[in-house]
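Me: I would like to learn how to read some features of a model. Please take them one at a time, with the rule before the case.

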Amino acid sequence: RWNSCNTPVRNGDFVPPQSKILREDQNHNMYVTGCTEVEVKSTEEAFEVFWRGQKKRRIANTQLNRESSRSHSVFIIKLAQAPLDADGDNVLQEKEQITLSQLSLVDLAGSERTNRTKAEGNRLREAGNINQSLMTLRTCIEVLRENQLYGTNKMVPYRDSKLTHLFKNYFDGEGKVRMIVCVNPKAEDYEESLQVMRFAEVTQEVEVARPVDRPLCGLTPGRRLRNQAFREELARKLELRGGPVGAGPEEPSAAELFFQNFPPLPPCELLDINDDQTLPRLIEALEQRKKMKQMLAEDLAKTVLACKTKLQEFDSSVTSKENYIQGKLAEKEKIIAGQKTELERQEKKIKTLEYKIEILEKTATIYEEDKRNLQQELESKSQKLQRQESDKKRLEARLQGMVAETSLKWEKECERRVAAKQLEMQNKLWVKDEKLKQLKAIVTEPRAERPERPERPSRERDREKPLPRSVSPSPAPVSHP
């Protein structure tokens, strides 16, 4: 049998899974209300139901896993065994003779870190619920281990999670629990793998004693246990009634053992009329038996009186203990009511804190995004400033070279112009001197005696050796920062 917590398809439309409620039966066993049990008669039908449940399993895509489980999945198999009738044709339908066994396969969703999975919205809420249920499971196992090591009696918080509440009987010793952990060999998942291995190490140290006076997992015990209990009960009743304890006919009964303690009767056969010894011996033996019977009756009366007195004392002690227990139960009920109120208040507080944590995580995400944007903008501006600084340095070096080249050109041009100006002035002075000499010669000497005009060797030398002329430098470029 398979318990399915999913709602079937109605009228061709898929109805999403509804939240189920956990309840407790008269044997203090947990079960899910409103589940659908599918009866199967072969392994193929069981696998078909299993894959049907796998298709309804909720998965989603995250940064670490393409098909991440968003909830825990439970696959429960119940095996029923019933005897046949005397002919071996029909199955007996009596509940006392039916044996049930249960196997629960639980696929736990893995714990997640929001900063690695980048979960948002519904995924973030689902991750919070998964981590909370796994934390409750770890807390329950740690409390069981602490109670076992130190002999304490702390209450195990099964009710904090539906997962631990559903399988409470298994952890209380009414079943066997096996856990398989999965680790990732990647170096990036070292911390998660280390936490999982530590959790597995803690679970190996927990040993819970199995209770004797309760059926396993709330199911009917096996026929061997029932037959053994029936034999013990039958033997006890036979011992009380004085009947045969064993099955063999040669074993003496309780009545025979009781009469063997009496003195034996003498032979009662009268062979002579004048025999006056047989009857007195028989009368004496009967009187001894009567006295012994009276003594046994007195002892029995004393024993009955003592038993009645002890029973009365026991009844009074039981009554006082019942009153004391009822008072304690009333006190415990008050304490439990107060704890329930405190638990509800803590749950409301936890929900409020979860909502605040969700808001803070969203705010932190926004701030981190703004921080990344500002850092990128700062890096781009820093790179731009560095480029501008390098351009400025290159421009300064270029301007310094141009200034030095322009200064050199202007110095050469100035020297050339000064030399040309000096030559021009010398020529003008020479012309003036010549003119003055000619004027003086004209004034002082007659015209016939005037000498020929001498040539100017300086200008001829100047013509033969012309001065080099430098090209005028171009004006310096004006750069605007």
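Me: How many salt bridges does a search of the whole structure find?

Reply: A salt bridge is a side-chain nitrogen of Lys or Arg within 4 Å of a carboxyl oxygen of Asp or Glu. A search of the whole structure finds 13 salt bridges. This is a predicted model, in which local features need pLDDT of at least 70 and side-chain atom pairs count only at pLDDT 80 or more, while totals for chains, interfaces and linings use all residues. Residues are numbered from 1 along each chain as its sequence is written, and side-chain values use heavy atoms, with hydrogens and water left out.

Me: Where do Arg345 and Glu342 lie?

Reply: Helices (H or I, at least four residues) and strands (E, at least two) are DSSP runs, numbered from the N terminus. Arg345 and Glu342 both belong to helix α9 (residues 278–444), three residues apart, about one turn of the helix. Their salt bridge has its closest N and O atoms 2.3 Å apart.

Me: Which salt-bridge partner does Glu358 have, and is Glu358 buried or exposed?

Reply: Buried means under 20% relative accessible area, exposed over 50%, and partly exposed in between (1.4 Å probe, protein chains only). Glu358 pairs with Lys362, with 3.7 Å between the closest N and O atoms. Glu358 counts as buried because its relative accessibility is 17%, whereas Lys362, at 45%, counts as partly exposed. The two are four residues apart in helix α9, so about one helical turn separates them.

Me: What is the N to O distance between Arg417 and Glu413?

Reply: The side chains of Arg417 and Glu413 meet in a salt bridge at 2.9 Å, N to O. Glu413 is buried, with 1% relative accessibility, and Arg417 is partly exposed at 47%. Salt bridges that share partners join Glu413, Arg416 and Arg417 into one network.

Me: How many disulfides are there?

Reply: A disulfide is a covalent bond between the sulfur atoms of two cysteines. The rule used here asks for a pair of cysteine sulfur atoms within 2.5 Å. By this rule the count is zero. As for the accessibility of cysteines, Cys182 is exposed at 68%, and Cys307 is partly exposed at 40%.

Me: Which residues make the nonpolar surface patch of about 320 Å²?

Reply: Patches are made of residues with over 30% relative accessible area and no salt bridge: like charges are joined within 9 Å, nonpolar side chains (Val, Leu, Ile, Met, Phe, Trp, Tyr) within 5 Å. Accessible areas come from the Shrake-Rupley method with a 1.4 Å probe; for residues, only the protein chains shown count as cover. Here Met179, Val181, Val183 and Met197 make the patch. Met197 sits in helix α6 (residues 190–204) and is partly exposed, at 44% relative accessibility.

Me: What is the volume of the second largest pocket, and which residues are closest to its centre?

Reply: On a 1 Å grid over the protein atoms alone, a pocket is an open set of points where a 1.4 Å probe fits, with protein on both sides within 12 Å along at least five of seven lines; lining residues have an atom within 4 Å of a point. Grid points are joined across faces, edges and corners, and a volume is the space filled by probe spheres set on the points. The second largest pocket has a volume of about 540 Å³. Of its 18 lining residues, Lys176, Val177, Arg178, Thr203 and Val206 are the closest to the centre. Helices α3 (122–150), α5 (168–174) and α6 each supply at least two residues of this lining.
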